[in-house]
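I am opening a notebook on this structure and will write down what I looked up, entry by entry.

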Amino acid sequence: MTISLTWHGHATLSINSSGTKILVDPFFSDNPVAKTKASDVGADYILISHGHGDHTADALNIATRTGAMIISNFEICNWFNSQGYENVHAQHIGGGYQHPFGHVKLTVAFHGSGLPDGSYGGMPAGFLLTIDKKKIYIAADTALFSDMKLIGQVGLDLAVLPIGDNFTMGPDDALQAVKFLDPQVVIPYHYNTWEPITQDQHAWAERVRVECACQAVILEVDGTYSL
Ligand code: NI
Ligand code: MN
């Protein structure tokens, strides 16, 4: 079975596994680098790491159109309920659940999680996904933390890490994260959306190549990596 992961710019990903579409942190309409329209995106599941608008802005529209199940923390799932959207599955940090497409565990992330309307969004999260025996860690918005070593102990096929700096880990800390996580492949994201998170992704990939036993894959917007 092939799993494909597409980067839509910023922190928006879509994962396709045997025809099931898993959308992560949908941000299209106000995303200055997006090439895909929110109205064209399919989804069976929508994973939301935290409440910030650059991770949630298009979630309700896409969920309402597609009927996708939203998977997020308890507080964000409650917020979607309060918006009239019922198809949610709440989890929380450290908790895993076997969904039909694969296993989803919410991991620690050091960040904020307030929703755009000021509602409390609980604790921010990353995702450890196990889909067809492949282990994929999506760090989401976070600082570097040494417990990434524990996440890496499962043996990661792929890690998706922010490198933008300013709001999240920058290139130096993301390089250390690669060393803690020791994945087979790393894909950087959450960069080059706006001026404060401008980075040279190719220079970063070269540092990974020199210093880590890991392949760095740079995706163009709407580019896909298959594993
Ligand atoms: Ni954020
Ligand atoms: Mn963000």
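**Ground rules**

I noted that this is a predicted model, in which local features need pLDDT of at least 70 and side-chain atom pairs count only at pLDDT 80 or more, while totals for chains, interfaces and linings use all residues. Residues are numbered from 1 along each chain as its sequence is written, chains are lettered from A and ligands numbered from 1 in the order in which they are written, and side-chain values use heavy atoms, with hydrogens and water left out.

**Entry: the nickel ion**

Which residues coordinate the nickel ion (ligand 1)? I found H50 (NE2), H52 (ND1), H111 (NE2) and D141 (OD), at 2.2 to 2.4 Å. A donor here is an N, O or S atom within 2.8 Å of the metal (3.2 Å for Na, K and Ca), and because water is not among the atoms, sites may look incomplete. The angles subtended by the four donor atoms run from 85 to 173°, which makes the arrangement irregular.

Along the sequence, the nickel donors follow the spacing H-x1-H-x58-H-x29-D. H52 sits in the loop between β4 (45-47) and α1 (53-56) and H111 in the loop between β8 (102-108) and β9 (125-131), so this pair ties together parts 59 residues apart in sequence. Helices (H or I, at least four residues) and strands (E, at least two) are DSSP runs, numbered from the N terminus.

**Entry: the manganese ion**

For the manganese ion (ligand 2) I listed D54 (OD), H55 (NE2), D141 (OD) and H190 (NE2) as protein donors, lying 2.1 to 2.3 Å from the ion. D141 bridges the manganese ion (ligand 2) and the nickel ion (ligand 1), and the two ions lie 3.1 Å apart. D141 is in the loop between β10 (134-138) and α4 (148-152), and H190 is in the loop between β12 (185-189) and α6 (201-211), so the pair ties together parts that are 49 residues apart in sequence.

**Entry: aromatic pairs**

I counted five aromatic pairs in the structure. Rings of Phe, Tyr and Trp (its six-membered ring) pair if their centres lie within 6.5 Å, with planes under 30 degrees apart called stacked, over 60 edge-to-face and the rest tilted. The ring centres of W7 and Y191 are 5.4 Å apart with the planes at 20°, so this pair is stacked. W7 belongs to strand β1 (residues 3-7) and Y191 to the loop between β12 and α6, so the pair ties together parts 184 residues apart in sequence. W7 is buried, at 5% relative accessibility. In another pair, Y45 and F101, the ring centres lie 4.6 Å apart and the planes at 55°, so the pair is tilted.

**Entry: salt bridges**

How many salt bridges does a search of the whole structure find? The search gives three, a salt bridge being a side-chain nitrogen of Lys or Arg within 4 Å of a carboxyl oxygen of Asp or Glu. D172 and R207 meet in one of them at 2.8 Å, N to O. D172 lies in helix α5 (residues 171-181) and R207 in helix α6, so the bridge ties together parts 35 residues apart in sequence. I noted D172 as exposed at 53% and R207 as partly exposed at 31%.

Key: Four donors count as tetrahedral if all angles lie between 85 and 135 degrees; four count as square planar and six as octahedral if opposite donors are over 155 degrees apart and all others between 65 and 115; anything else is irregular. Buried means under 20% relative accessible area, exposed over 50%, partly exposed in between (1.4 Å probe, protein chains only).
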